[in-house]
Amino acid sequence: MGEGVVNTGHPTNSWYAATATPFPALPALTADTRADVCIVGAGYTGLGAALELATRGVSAIVLEAAQVGSGGSGRNGGQVHTGQRNDQAWLEKTLGRDEALALWKMAQDARAHLLALIAEHDIACDFRPGMIHARHKPGGEAEDAAHIEHMARVYGYDQLALIGQDKLAHELGTDVYHGGLADRGGGHLHPLNLALGLARAAMAAGAVIHERTRATAWRREGGAIVVETPQGRVTCDQLILTGDGYLDEIAGGAARARVMPINNFILATEPLGDRADSIIRSNAAVADSRFVINYFRKSPDGRLIFGGGENYRPGFPPDLKAFVRRHMLKVYPGLADVEVTHAWGGTLGITVHRSPFVRELAPGVRIAAGYSGQGVMLAPWFGKLLADACLGEGEGVEVLSRLPTPPFPGGRLLRWPLTVAGLSWYALRDRL
């Protein structure tokens, strides 16, 4: 995987793919063409950019190496977290209060934008409100209380509340956690249907999407940018690069040195019947405090959608059902008799500090990647910000470019083994 993750399409055993709304296969690019803006990648970021540009009368062509939403956008846990990937205290310490406030407002704008897109374009992605952050070790209640007070006083955010250990056990239907924090501003949804809905909306507005069309390189030719593919080229004035954990050579060395792909895995159980009533009673999404987090929620038909475990090497474990089931049973041992009907994996991009890598790489060439698990809410909005920048509007890309995203240590040859060693150490601490 490390230096080139291949996306071959929607995973065959994904519950998301099995329950996706019908979507037509889109033709590959087979001839030279021109557009105002070329976008590489048909995930949330690329589709968000294409929708914004097309809505404003700008011609946009999206090149997707596999299928719409077949990367991380259609494989993730579907959790909608509030805020940036880093919490506000970290942002204040790193960038100062004013920048932290601007980034919080941006994240709130991203949430409002996501909900508006779902409503305006009638995207059937089963959005449900509510998020619970569960502590997997004793202690931490004082820190959570201080965080709630700080967010209300400084940012005016009043959607957070403490949950005691007993109340959380009743809510989740498991006693393995030590209390937590509820965020009424979070939520969860069907991530593939969100991507497909964004694609429909973008195409209805006039954007063109080509599937099975890998962008292999770009170059300048006169005053234009030329994007190469196996069967044709796109000449454009502006270029947007997306792909998160699936970035390849077209993104260039600076981006690939800062965004590292890792694999994450999810299962879906059979419908739980009456047992579903005692698991996550409020129907919120849940994420725990482990470094390699467990995250889970219920589907509309009463399945448990459970994400757990990751790896940092090429390929997925041979038996994904067993791999994720082991993590699920540590949280819900009472589900040992339940059939796992689906299991799949996906690749996400992380950065050293988990801050997204968003900037102008060269005149007219911009990128957004490295969401580090926060892309469901942020990526459609970041796509809009990239579109704004193409039109010479807004300061969003400039603000995001000030987030620290240093290269992973070790250079081209050693960055992968050094990073894997570090991630493996933190994963080990979860078990200590």
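What follows is a short chat about this predicted model.

Me: What should I know about the model and its numbering before we start?
Reply: Residues are numbered from 1 along each chain as its sequence is written, and side-chain values use heavy atoms, without hydrogens or water. The model is predicted, so local features need pLDDT of at least 70 and side-chain atom pairs count only at pLDDT 80 or more, while totals for chains, interfaces and linings use all residues.

Me: OK, cores. How many residues does the largest nonpolar core have?
Reply: The largest nonpolar core has 74 residues. Those with the most contacts inside it are Ile39, Val68, Leu194 and Phe382. A nonpolar core is a set of buried Ala, Val, Leu, Ile, Met, Phe, Trp, Tyr and Cys residues joined through side-chain atoms within 4.5 Å. Buried means under 20% relative accessible area, exposed means over 50%, and partly exposed is in between (1.4 Å probe, protein chains only).

Me: Which helix gives the largest share of this core?
Reply: Helix H10, residues 375–390, with 11 residues. Helices (H or I, at least four residues) and strands (E, at least two) are DSSP runs, numbered from the N terminus.

Me: What does valine 68 touch?
Reply: Leaving out residues up to four places away in sequence, valine 68 touches a list that includes His10, Phe23, Leu26, Leu192 and Ile209. Glu211 is also one of its contacts. Contact means heavy atoms within 4.5 Å.

Me: What does the second core include?
Reply: The second, separate core has 28 residues, and Leu168, Ile279, Phe323 and Tyr332 are among them.

Me: Switching to rings. How many aromatic pairs are there?
Reply: The structure holds nine. Rings of Phe, Tyr and Trp (its six-membered ring) pair if their centres lie within 6.5 Å; planes under 30 degrees apart count as stacked, over 60 as edge-to-face and the rest as tilted.

Me: Why is the pair of phenylalanine 265 and phenylalanine 323 edge-to-face?
Reply: Their ring centres are 5.2 Å apart and their planes are at 80 degrees, so the pair is edge-to-face. Phenylalanine 265 lies in strand S11 (residues 260–269) and phenylalanine 323 in helix H9 (residues 320–331), so the pair ties together parts 58 residues apart in sequence. Both phenylalanines are buried.

Me: What lies over the face of phenylalanine 323?
Reply: Arginine 326, at 5.2 Å from the ring centre. A charge sits over a ring if NZ of Lys or CZ of Arg is within 6 Å of the ring centre and within 35 degrees of the ring normal.

Me: And what about tyrosine 371 and phenylalanine 382?
Reply: They form a tilted pair, 5.7 Å centre to centre with 35 degrees between the planes. Tyrosine 371 is in the loop between S17 and H10 and phenylalanine 382 is in helix H10, so the pair ties together parts 11 residues apart in sequence. Tyrosine 371 is buried, at 6% relative accessible area. Phenylalanine 382 counts as buried too, at 1%.

Me: Where is serine 372?
Reply: Serine 372 is in that loop between S17 and H10. Its phi is positive, about 55 degrees, although it is not a glycine. At 6% relative accessibility, serine 372 counts as buried.

Me: How do S16 and S17 pair?
Reply: Strand S16 (residues 357–362) and strand S17 (residues 365–369) are antiparallel, over five bridges. Two strands pair if DSSP finds at least two bridges between them. The two strands form a hairpin with two residues between them, and glycine 364 in the turn has a positive phi of about 80 degrees.

Me: Last one: is aspartate 244 buried or exposed?
Reply: Aspartate 244 is buried, with a relative accessible area of 17%.
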